[in-house]
Amino acid sequence: MTTATKETLGFQAEVKQLLHLMIHSLYSNKEIFLRELISNASDACDKLRFEALNNAALYGDDSELKIRVAFDKEARTITISDNGIGLSREEAIAHLGTIAKSGTKEFFTALTGDQAKDAHLIGQFGVGFYSSFIIADRVTVVSRRAGLPADQAVCWESGGEGDFSVEMVEKAGRGTDVILHLREGEDEFLNAWRLKSIIRKYSDHITLPILMAGEKWDEEKKEQVPSGEDETVNQASALWARSKSDITDEQYKEFYKHVGHDFEDPLTWVHAKVEGKQEYTQLLYIPARAPFDLWDRNARHGVKLYVKRVFIMDDAEKLMPLYLRFVRGVVDSADLPLNVSREILQESKDIEAIRNGCSRKVLSMLEALADSDEAEEKEKYAKFWGEFGKVLKEGVGEDFANKEKIAGLLRFASTHGDTPEETVSLKDYIGRMKEGQEKIYYVTAESFKAAQNSPHLEIFRKKGIEVLLLSDRVDEWVVGNLTEFDGKPLQSVAKGGLDLGKLEDEAEKQEAEKAADEYKELIEKVKTSLGERVKDVRVTHRLTDSPSCLVTEDFDVSGNLARILKAAGQKAPEVKPILEINPSHPAVQRLKYEETRFDDWAALLFEQAELAEGGQLEDPAGFVKRINDLMLALSGK
Ligand code: ADP
Ligand code: MG
């Protein structure tokens with residue numbers, strides 16, 4: 001084989017950048033290298049166990065999976081070894097020379113160059129294998145892929161600068177040795193006590209035994225000497241299988257960092273054993289921060305499936321609905337067969353039951369936060385909402401069974417607040433409805449500002465009626481699927497005729513009827529003038545300041561949704577708007593007596609209504625010309 005010769009390859013540009021950043025920004029947190037390498041060793045053993053389900057021969061005569069940490073004071077090295085799946089030459093090049101994570105590009109564009117800020121970002125991104133270079137100036141990886149012969153092992157080596165080398169070597173056993181050649185000044189890590197305490201701190205939850213050479217006190221030499229026996233440093237029992245009272249918050253958090261591939265503490269978690277028809281344990285976490293690939297619906301999901309403590313698979317997407325794709329953690333089933341495959345999972349009724357159970361659990365956990373009387377918990381919910389609210393909104397249309405529950409968790413900006421962050425729940429909205437108000441009013445627009453300034457709100461402002469301001473794209477999907485909450489219908493203020501029901505008094509109604517009568521002729525003229533551009537023209541009293549606005553029928557696609565669809569390159573159904581004009585506006589009143597420029601006036605009433613709701617004009621140049629003509633006419637030229 002020609003690959004036996006040593007070959008030097010360059011790192012992917014991103015790896016170089018990441019290495020540089022890591023060495024300089026994670027310096028105060030160096031000990032995490034050990035957590036990352038042990039986490040990888042554990043993952044490698046999980047992968048072997050999974051592949052061996054269909055191919056038991058992969059174990060050879062070595063079926064006890066374990067991790068070993070050793071150090072050599074003279075050589076100044078630390079070695080982390082595992083007998084997991086190992087790496088072939090190609091895999092070593094691919095996995096230890098590039099970053100394959102989704103969101104990598106976004107991550108690098110988010111970097112600011114400011115070390116403190118970037119150190120924070122790097123935490124979100126996850127540091128992984130490359131964290132070795134924080135304390136090592138040379139890293140050697142010797143690995144043999146399970147199933148390959150002893151002379152097909154690979155030796156990967158790098159100084160963490162621009163390149164790495166690979167070479168075929170011999171290795172007696174399966175799995176991987178990662179050898180760290182420590183930088184000058186990092187000798188504190190060449191100490192059994194120090195390494196053990198790091199392992200206990202970060203990796204106690206790892207299910208495999210993490211072994212170190214035992215030591216004993218030598219009275220004559222007055223120092224620790226090898227005892228000749230191995231010592232298991234961690235508890236090596238599945239964290240989720242222990243009873244809650246035996247697990248500290250610190251241990252829960254460290255476990256999260258391992259399963260969630262995250263650097264930061266989680267926001268909250270739930271740990272429960274479910275008994276009954278289905279028996280399973282769930283340990284589910286909400287991250288504190290949205291990952292870079294949250295919007296990539298194909299990105300990996302975060303819940304791992306175990307069967308009776310045996311790892312089955314990562315990111316089992318069937319365990320969580322899409323709208324809860326940010327949840328991380330573990331589900332351990334007592335009933336599923338060990339050789340369950342992805343295909344079986346797709347169909348499995350058991351999995352469906354587990355998914356429903358997990359969804360409900362997560363939603364209840366969120367409810368508890370949202371409804372808590374404690375400020376700290378409430379704060380957590382607000383944080384959650386800021387990070388994941390838009391994703392949760394998808395659930396209104398996706399999870400029919402839990403629709404009410406999800407609707408209860410939604411938060412919306414409203415006319416009662418000044419910023420998008422001042423939000424209200426539907427329950428609180430109903431709680432502060434005006435006397436006689438029967439509907440939950442909302443407006444959808446492209447941005448918070450556009451919603452806030454929508455002309456459709458004028459009458460509601462005047463009467464002090466709260467209107468929800470919806471400006472996330474997914475909001476159209478929410479209101480399309482949520483027609484009522486707690487018996488109160490949701491009503492767009494830009495759809496249908498304005499029916500304020502009991503909120504309107506007799507005098508106002510009469511005045512409106514009178515205006516409609518009085519303007520009948522004008523309305524007909526405007527309609528004829530605008531022709532095909534409108535479905536109808538009518539007098540309105542939803543406006544107080546603006547002369548005109550556009551509305552659609554209750555059952556039609558809203559103007560905002562039509563614009564979103566168009567921007568996304570999708571075909572929006574052709575919906576003609578209804579032009580409503582404000583009889584109390586001087587411009588409208590004047591129009592009654594306009595002869596020569598009537599068509600221009602009518603067109604402007606229509607066009608400004610389009611602009612005011614964030615629409616685009618069909619003929620912008622025509623609009624500008626009309627404005628200029630009128631300006632000149634006014635100045636008497
Ligand atoms: P992550 O663990 O999030 O995938 P890492 O940077 O920690 O990212 O590791 C990169 C990849 O290198 C892993 O996904 C895996 O394919 C490979 N790898 C690292 N350590 C080992 C190991 N001990 N055994 C086998 N493969 C490994
Ligand atoms: Mg890793």
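Modeller: A salt bridge is a side-chain nitrogen of Lys or Arg within 4 Å of a carboxyl oxygen of Asp or Glu. Please keep in mind that this is a predicted model.

Colleague: Why is the pair of E7 and R89 called a salt bridge?

Modeller: The closest N and O atoms of E7 and R89 are 2.0 Å apart, and the limit is 4 Å, so the pair meets the criterion. A search of the whole structure finds 45 salt bridges.

Colleague: What does the pair of E7 and R89 tie together?

Modeller: E7 belongs to strand β1 (residues 7–10) and R89 to helix α3 (residues 89–95), so the pair ties together parts that are 82 residues apart in sequence.

Colleague: How do you know that N40 makes a polar contact with ligand 1?

Modeller: An N or O atom in the side chain of N40 is 2.8 Å from an oxygen atom of ligand 1. The limit for such a pair is 3.5 Å, so the term applies. A backbone N or O atom of F129, 2.9 Å from an oxygen atom of ligand 1, and a polar side-chain atom of H261, at 3.2 Å from an oxygen atom of the ligand, are judged against that limit of 3.5 Å as well. Taken alone, ligand 1 exposes 540 Å², of which the protein buries 84%.

Colleague: Which residues surround ligand 1, and which helix gives the most to the shell?

Modeller: Among the surrounding residues are A44, K47, D82, L87, H95 and T176. Helix α2 (residues 32–52) gives the most, with three residues. By class, the shell has four nonpolar, five polar and two charged residues.

Colleague: What makes β10 and β11 a pair of strands?

Modeller: Pairing requires at least two bridges. Seven bridges join β10 (residues 268–274) to β11 (residues 280–286), so the two strands qualify, and they run antiparallel.

Colleague: Why are β16 and β19 said to stand at the edges of their sheet?

Modeller: The open sheet has six strands in the order β16-β15-β18-β17-β20-β19, with mixed pairing. β16 (423–424) and β19 (484–485) each have a single partner strand, so one side of each is left without a neighbour in the sheet.

Key
Residues are numbered from 1 along each chain as its sequence is written. Chains are lettered from A and ligands numbered from 1 in the order in which they are written. This is a predicted model: local features need pLDDT of at least 70, side-chain atom pairs count only at pLDDT 80 or more; totals for chains, interfaces and linings use all residues. Side-chain values use heavy atoms; hydrogens and water are left out. A residue is near a molecule or strand if one of its heavy atoms lies within 4 Å of it. A polar contact is a pair of N or O atoms within 3.5 Å; within protein, one must be able to donate a hydrogen and the other to accept it, and residues adjacent in sequence count only if both atoms are side-chain atoms. Accessible areas come from the Shrake-Rupley method with a 1.4 Å probe; for residues, only the protein chains shown count as cover. Helices (H or I, at least four residues) and strands (E, at least two) are DSSP runs, numbered from the N terminus. Ala, Val, Leu, Ile, Met, Phe, Trp, Tyr, Cys and Pro count as nonpolar, Asp, Glu, Lys and Arg as charged, and the others, Gly among them, as polar.
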